[in-house]
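Dear colleague,

I am passing on the structure below, together with some notes on what came out of it. Please read them alongside the coordinates.

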Amino acid sequence: MPRVHVATVITAAAALLASCAGGQLPADGAAVVVGVVDGDTIDVRVAGRTERVRLTGIDTPETLEHDSPVECYGPEATAYTRSLLPPGTRVTIERDVVGRDDYGRLLGYVHRSDGLFVNHEIIRQGYAVPLSIEPNSTHAARFAAAARSAEADDVGLWAACTGR
């Protein structure tokens with residue numbers, strides 16, 4: 001994953017995502033974590049089915065790319081997300097404008113039942129960088145501020161991954 005300065009926000013045309021199906025969640029967004037796929041992707045049980053959820057607004061280093069090496073701090077990011085969301089954790093999934101990505105995953109801001117905003121915490125602790133893809137940018141400014149703080153404090157990937 002190339003070095004991304006925190007002030008840089010990656011955007012893409014809304015038209016690329018507009019065709020994705022929204023998917024239905026309960027009105028309260030209630031779900032239960034089944035497992036963690038990687039640092040920014042989880043599986044949840046919601047409305048009687050298992051859904052893959054891509055955490056909106058963040059990007060963690062890759063661990064599952066089949067044709068490329070594991071990126072710096074990828075395993076640590078996955079382990080951190082697992083520590084925040086062990087199986088059985090009750091969460092609420094907050095949706096933004098576009099409901100699914102091109103891979104069919106739900107896009108969501110994940111909040112634990114104790115109030116922890118998981119997407120934000122992962123950035124704040126230095127395990128991710130902001131990734132804002134319009135029109136899903138509700139928390140973009142908050143995420144950018146958290147990443148600037150993590151970078152200034154030299155924590156997580158900011159300390160471990162020179163040239164990031």
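Which residue in S6 is the bridge partner of Val91? It is Arg112. Before going further, please note that this is a predicted model, in which local features need pLDDT of at least 70 and side-chain atom pairs count only at pLDDT 80 or more, while totals for chains, interfaces and linings use all residues. Residues are numbered from 1 along each chain as its sequence is written, and side-chain values use heavy atoms, with hydrogens and water left out.

On confidence, the mean pLDDT (the predictor's confidence in each residue, from 0 to 100) of the chain is 85, and 84% of the residues reach 70 or more. Helix H1 (residues 14–18) has the lowest mean among the elements, at 31, whereas helix H3 (residues 118–124) has the highest, at 98; helices here are DSSP runs of H or I with at least four residues, and strands are runs of E with at least two, numbered from the N terminus.

Strand S6 (residues 106–112) has six of its seven residues buried, that is, under 20% relative accessible area with a 1.4 Å probe, protein chains only.

Thr56, in the loop between S3 and strand S4 (58–59), counts as buried because its relative accessibility is 6%. The side chain of Thr56 reaches the backbone nitrogen of Gly108 at 2.8 Å.

Best regards

Note on methods: Buried < 20%, exposed > 50% of the residue type's maximum accessible area, 1.4 Å probe, protein only. Pairing = 2+ DSSP bridges. Polar contact = N/O pair within 3.5 Å; in protein donor to acceptor, adjacent residues only side chain to side chain.
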